[in-house]
Amino acid sequence: MTTTKEQKKTGGLAGIVAGDSSICLCSAEDENLYYRGFSIEDLTDHSSFEETAFLLLRGYLPKPNELQDYRKKLKRLRNIPSSLKKVLELIPAQASMMDVLRTGCSFLGTIEPESSNTNALDIADRIIASLPSMLLYWKIFHDGNKIPNLEIEEESLAGYILHLLHGKPPKEEHRRCIDISLILYAEHEFNASTFTARTITSTLSDFYSAICGGIGALRGPLHGGANEKAMELIEEIANPKEAKAHTLDLLSKKQLVMGFGHRVYTKSDPRTVVIKKIVKNLIKTKKEAELFEIAEIIEKVMWDEKQLFPNLDFYSALAYHFCGIPTPMFTPLFVIARSAGWAAHILEQRAHNKLIRPVSNYIGPSHQSWSKAKRNDS
Ligand SMILES: CC(C)(COP(=O)(O)OP(=O)(O)OC[C@H]1O[C@@H](n2cnc3c(N)ncnc32)[C@H](O)[C@@H]1OP(=O)(O)O)[C@@H](O)C(=O)NCCC(=O)NCCS
């Protein structure tokens, strides 16, 4: 069978509508992003990650008392069982933090499995609340070989992450930066990891399997892994004077510049506008100002040469760096945020389930005979 031009265009399923969803609109028309109809600017101006997660999962903005109860619920669900702590202690100190999350989530599914008696929303909340604890328990344990105390007083997930990581209450501007970044990363319709989670769900598999699949898909540098690669790129450029030549060199070698380009947006990523403004306000030192300058030069070269714009991952890398987050933790933070979006999609897929099973365009050899092939061998 030959591949027609029309079929070639669908490589990577680009532009293919793969189902209905009422969770998120990633709009190529006005190059904007909406969760349940609320624009990302509106949410990052007024909302919190907890409220956004509630909106994604339950479909409406919580009333003040509902939000208070939800915050309390997530706080209560942070602690992790001792058997999971033992498993985390056994994971090597050199392991990828993405593997820590995938393994931790998978193990949680063995001790708190989904059954006909469990409420899927409770599992969603449990996963959102406990992923940061798994990650930081493992990190603190291996960094200092001490037993981490997960019971710290922090209202928000953003504050909890920073407080556990640095061992002290975070600055308010860092707390808000991480909170906003979690909102921005929380959902993005049928991206690779969400579609993976929906595909797994469509077989009537369990919640944990779908989340683990999402984590696996997000790990790659063409998806969530891009924020870590973007930081490595910005840091490998010695100073702003070298940024232009360095970027041109990558382009001349046909190398991908991580944190640029997007499958849906064509002119800009609406999330970048939000995070870039925050990054600019976080700059305190000469070194930070220099890193920001390097990033802006890369941005200019990419636009001038390829009409490519920075996606959320590019300036998120600097945001995390300025908040004192180690680079290998960037993609795991993306997981923590996106677990809310994945969970919303798992629930939606279940509500209108149809097995996801496309067909391939076969391009292999036509019918062959085993005995003829063997005869020709001898
Ligand atoms: C996001 C991404 C996967 C979208 O890919 P896509 O829609 O399949 O686009 P394509 O890979 O077909 O790219 C089209 C052209 O732009 C180029 N291009 C796209 N992104 C590029 C990048 N980040 N750096 C350099 N060139 C890039 C491609 O090489 C291709 O050039 P060509 O036509 O000369 O072959 C792609 O832009 C990319 O790999 N970006 C870097 C990884 C990243 O930031 N991922 C996070 C996404 S939110």
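Is Glu114 buried, exposed or partly exposed? With a relative accessible area of 23%, Glu114 is partly exposed, because buried would require under 20% and exposed over 50%. The legends below describe close-up views of a predicted model.

**View 1. Salt bridge between Arg350 and Glu114.** Arg350 pairs with Glu114 in a salt bridge whose closest N and O atoms are 2.8 Å apart. The two residues belong to distant parts of the chain, 236 residues apart. Arg350 is in helix H17 (residues 330-351), while Glu114 is in the loop between H6 and H7. Arg350, at 30% relative accessibility, counts as partly exposed, and Glu114 is partly exposed at 23%.

**View 2. Salt bridge between Lys75 and Glu155.** The closest N and O atoms of Lys75 and Glu155 are 3.0 Å apart, and the two residues form a salt bridge. Lys75 has a relative accessible area of 23% and is partly exposed. Glu155 is partly exposed as well, with a value of 48%.

View 3. Arg102 is partly exposed, at 32% relative accessibility.

**View 4. A network of salt bridges.** Side chains of opposite charge can pair when their charged atoms come close. Arg58, Lys73, Asp122 and Asp125 are linked in such a network. The count of salt bridges in the model comes to 22.

**View 5. The largest nonpolar core and Tyr35.** This core has 110 residues. Tyr35, Ile298, Leu318 and Ile325 are the residues with the most contacts inside the core. Helix H7 (residues 120-144) supplies the largest share of the core, 14 residues. Leaving aside neighbours within four places in sequence, Tyr35 is in contact with residues including Ile23, Cys24, Ile40, Leu43 and Thr52. Among the other contacts of Tyr35 are Leu55, Leu56, Ile183, Leu184 and Tyr185.

View 6. Phe49 is in helix H3 (residues 49-58). Phe49 counts as buried because its relative accessibility is 0%, and buried means under 20%. Not counting residues up to four places away in sequence, Phe49 touches Ile128, Leu157, Asp179, Leu182, Ile183, Ala186, Ile336, Ala337 and Ala340. Phe49 and Tyr185 are 136 residues apart in sequence, and their C-alpha atoms are 9.8 Å apart in space.

View 7. A polar backbone atom of Val257 is 2.7 Å from a nitrogen atom of the ligand. Arg263 has a polar side-chain atom 2.8 Å from an oxygen atom of the ligand. The side chain of Asn311 has an N or O atom 2.9 Å from an oxygen atom of the ligand. On its own, the ligand has 850 Å² of accessible area, of which the protein covers 61%.

Note on methods: Residues are numbered from 1 along each chain as its sequence is written. This is a predicted model: local features need pLDDT of at least 70, side-chain atom pairs count only at pLDDT 80 or more; totals for chains, interfaces and linings use all residues. Side-chain values use heavy atoms; hydrogens and water are left out. A nonpolar core is a set of buried Ala, Val, Leu, Ile, Met, Phe, Trp, Tyr and Cys residues joined through side-chain atoms within 4.5 Å. Buried means under 20% relative accessible area, exposed over 50%, partly exposed in between (1.4 Å probe, protein chains only). Helices (H or I, at least four residues) and strands (E, at least two) are DSSP runs, numbered from the N terminus. Contact means heavy atoms within 4.5 Å. A polar contact is a pair of N or O atoms within 3.5 Å; within protein, one must be able to donate a hydrogen and the other to accept it, and residues adjacent in sequence count only if both atoms are side-chain atoms. Accessible areas come from the Shrake-Rupley method with a 1.4 Å probe; for residues, only the protein chains shown count as cover. A salt bridge is a side-chain nitrogen of Lys or Arg within 4 Å of a carboxyl oxygen of Asp or Glu.
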